[in-house]
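Here is a friendly walk through one model, helix by helix and then residue by residue. Have the structure open and follow along.

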Amino acid sequence: MKTIHTLSDLDVALAARLLALADDELILAHRASEWTGHAPILEEDIGLANIAQDELGHAGLWYDLYAALAGSDPDRLVFFRDAGGWRNVQLVELPKGDWAFTMLRQYLFDSYEAALLERLAEGRHEGIAGAAGKIRKEELYHARHSSAWVKRLALGTEESRRRSQDALDLLWPYTRQLFIPHEGDERLAAAGYAPRLADVHDIWTAAVRSHLESSGLRVPDSPGVAVRRDQHTPHLTELLTEMQRVARLDPEAIW
Amino acid sequence: MPDTQWPRYEVFKQDAPGQPHRSIGTIHAADPELALLIARDVHVRRPDCASLWVARTDDIFSMTADELAAHPDWAAEDIPGGAVAQTFHVFQKTTQRRGMTFVVHTGDVQARTAREALRLAMQRFPKPEVFVWWVCQAGAVTRSEPEMESSWFAPARNKTYKQQAYYGETGARPEGSGAGDEDDPHPE
């Protein structure tokens, strides 16, 4: 097994980016899966469960690439890592909230992924470009699903409009973290492996502003808080306690 | 009790280009675009699919063989003078065999009303036995678009059903590890 110390600076930067990609998908998948059996209608229960499974599959692709580089077992990473070791953004770890909150978060994240994956798929790293191309196809569907819901809730009843605006006001500051560069990102950009997040941010902002405003929502002025990906809310610990509970009961069990 | 459900939609799936669309089930949705999204999630996450249609159940004129026999005057109606002919899709169910109980898109007719469409369909598409006839205005159908194929339907082809047996026995331990649970059946 290779250790992180034997990797080149570029590989270290790559591993950090892959872990961030994987952790975002995994935690979002878990939050989406929390609706299983609780969604407003049966059809959406199935729909969101499907999306959660897709996100889980995407996380698996990124963990596999990470493991090939850093030598870690994805199952150990997911089920035996404490909150401090996770590199997901806080946006995806916030509790699922109501349906408006879940759909808005999904929309904001799906749009970010759509912009990011398109560029990753054109990158020079074969493994990453391949995974991004594959994931992107399903994300186009996810984005269509979540953007349709955002529009309907925002333009729906007075209550659904209020809940949508409340959700956006709460979520918006958290979106900033998606675009805060990692240490080593310049190396990845120079190698043609990944785009500069500032470029992704410009594309994302134009797309989501247009959709949110045409849905009658007011995009908050708040620039958001600049937090690193190793900083988490207490919600992540709660999520991990639940998610890892069974695996940690018997770490030797074979699944 | 009032029905608080969203409207019901019939879902039609085309397995491969050139094949007819067949009714594969129903879903509830608030509007046609969401109906199409939901139809994809509920009915075609795994099976092969080339195209998907949804139509409100209320927009489908349905007659079973029994209903046709019981109401010989079913086709009687006054068609308004200015009525214009439109395209109707015609669907038939021609078998009761298990696993093949689909209502299948058989062809189209031009008609001014649903009853007229069904009358024409029975002349145009005769079969030895038709258990159910459906006609639906083509304009009432919401369809997936060809460019959706790669994101809506193609990913399913690379996914496999995994039966429970695929995962083998769960909870088994490697030899010599995890001793002690027998003494404590409730480790929590």
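At roughly what angle do the axes of helix α2 and helix α6 of chain A cross? The axes of helix α2 (residues 42-70) and helix α6 (residues 126-154) of chain A cross at roughly 165° and come within 11 Å.

## Before we go on

This is a predicted model, in which local features need pLDDT of at least 70 and side-chain atom pairs count only at pLDDT 80 or more, while totals for chains, interfaces and linings use all residues. Residues are numbered from 1 along each chain as its sequence is written, and chains are lettered from A and ligands numbered from 1 in the order in which they are written.

Helices (H or I, at least four residues) and strands (E, at least two) are DSSP runs, numbered from the N terminus. Axes are lines fitted to C-alpha atoms, for helices over the stretch in contact, and angles run from 0 to 180 degrees between N-to-C directions.

## Helices α2 and α6 of chain A

Back to the opening pair: the crossing angle of roughly 165° makes α2(A) roughly antiparallel to α6(A). For orientation, angles under 35 degrees count as roughly parallel, over 145 as roughly antiparallel, 65 to 115 as roughly perpendicular and the rest as oblique. The crossing of α2(A) and α6(A) is left-handed, a term used if the near helix is turned anticlockwise from the far one by less than a right angle, with right-handed used if clockwise.

On the α2(A) side, the contact involves Gly47(A), Ile51(A), Asp54(A), His58(A), Leu61(A), Trp62(A) and Leu65(A). Their partners in α6(A) include Ala131(A), Ile135(A), Glu138(A) and His142(A). Residues are in contact if their C-beta atoms, placed from the backbone, lie within 7 Å. By class, the contact of α2(A) with α6(A) has seven nonpolar, five polar and three charged residues; Ala, Val, Leu, Ile, Met, Phe, Trp, Tyr, Cys and Pro count as nonpolar, Asp, Glu, Lys and Arg as charged, and the others, Gly among them, as polar.

## Helix α7 of chain A and its partners

Helix α7 (residues 158-175) of chain A packs with α6(A) at an angle of about 125°, their axes being 7 Å apart. That angle makes α6(A) oblique to α7(A). Val150(A), Leu153(A) and Ala154(A) of α6(A) make this contact with Ser160(A), Arg161(A) and Ser164(A) of α7(A). The contact of α6(A) with α7(A) has, by class, three nonpolar, two polar and one charged residues.

Helix α5 (residues 99-121) of chain A also packs with α7(A), at about 45° and with the axes 9 Å apart. Here too the angle makes the pair, α5(A) and α7(A), oblique, and their crossing is right-handed. Ala100(A), Phe101(A), Leu104(A), Arg105(A) and Leu108(A) in α5(A) meet residues of α7(A) including Ser160(A), Ser164(A), Leu168(A) and Leu171(A). By class, the contact of α5(A) with α7(A) has seven nonpolar, three polar and two charged residues.

## The nonpolar cores

Which residues have the most contacts inside the largest nonpolar core? They are Leu18(A), Ala22(A), Trp62(A), Tyr66(A), Met103(A), Leu104(A) and Leu171(A), in a core of 66 residues. Helix α1 (residues 9-33) of chain A gives the most to this core, with 13 residues. Apart from it lies another core, of 39 residues, among them Val42(B), Val90(B), Trp134(B) and Val141(B).

A nonpolar core is a set of buried Ala, Val, Leu, Ile, Met, Phe, Trp, Tyr and Cys residues joined through C-beta atoms within 7 Å. A residue is buried if 20 or more other C-beta atoms lie within 10 Å of its own, exposed if 12 or fewer, and partly exposed in between, with C-beta atoms placed from the backbone. Not counting residues up to four places away in sequence, Met103(A) touches Ser146(A), Trp149(A), Val150(A) and Leu153(A).

## Two residues of chain A

Val200(A) lies in helix α9 (residues 197-214) of chain A and counts as buried because it has 22 C-beta neighbours inside 10 Å. Beyond residues up to four places away in sequence, Val200(A) touches Ala115(A), Leu116(A), Arg119(A), Phe179(A) and Pro195(A).

Arg245(A), in helix α10 (residues 234-249) of chain A, counts as exposed, because it has 11 C-beta neighbours inside 10 Å. Arg245(A) and Pro95(A) are 150 residues apart in sequence and 18 Å apart in space, C-alpha to C-alpha.

## Chain B

Chain B has five helices and eight strands, and along the sequence they follow the pattern β-β-α-β-β-α-β-β-α-β-β-α-α. Buried residues make up 28% of the 188 residues in chain B.

Arg112(B) sits in the loop between β6 (104-111) and α3 (114-124) of chain B and is partly exposed, with 16 other C-beta atoms within 10 Å. Its contacts, not counting residues up to four places away in sequence, are Ile79(B), Ala83(B), Val84(B) and Ala85(B).
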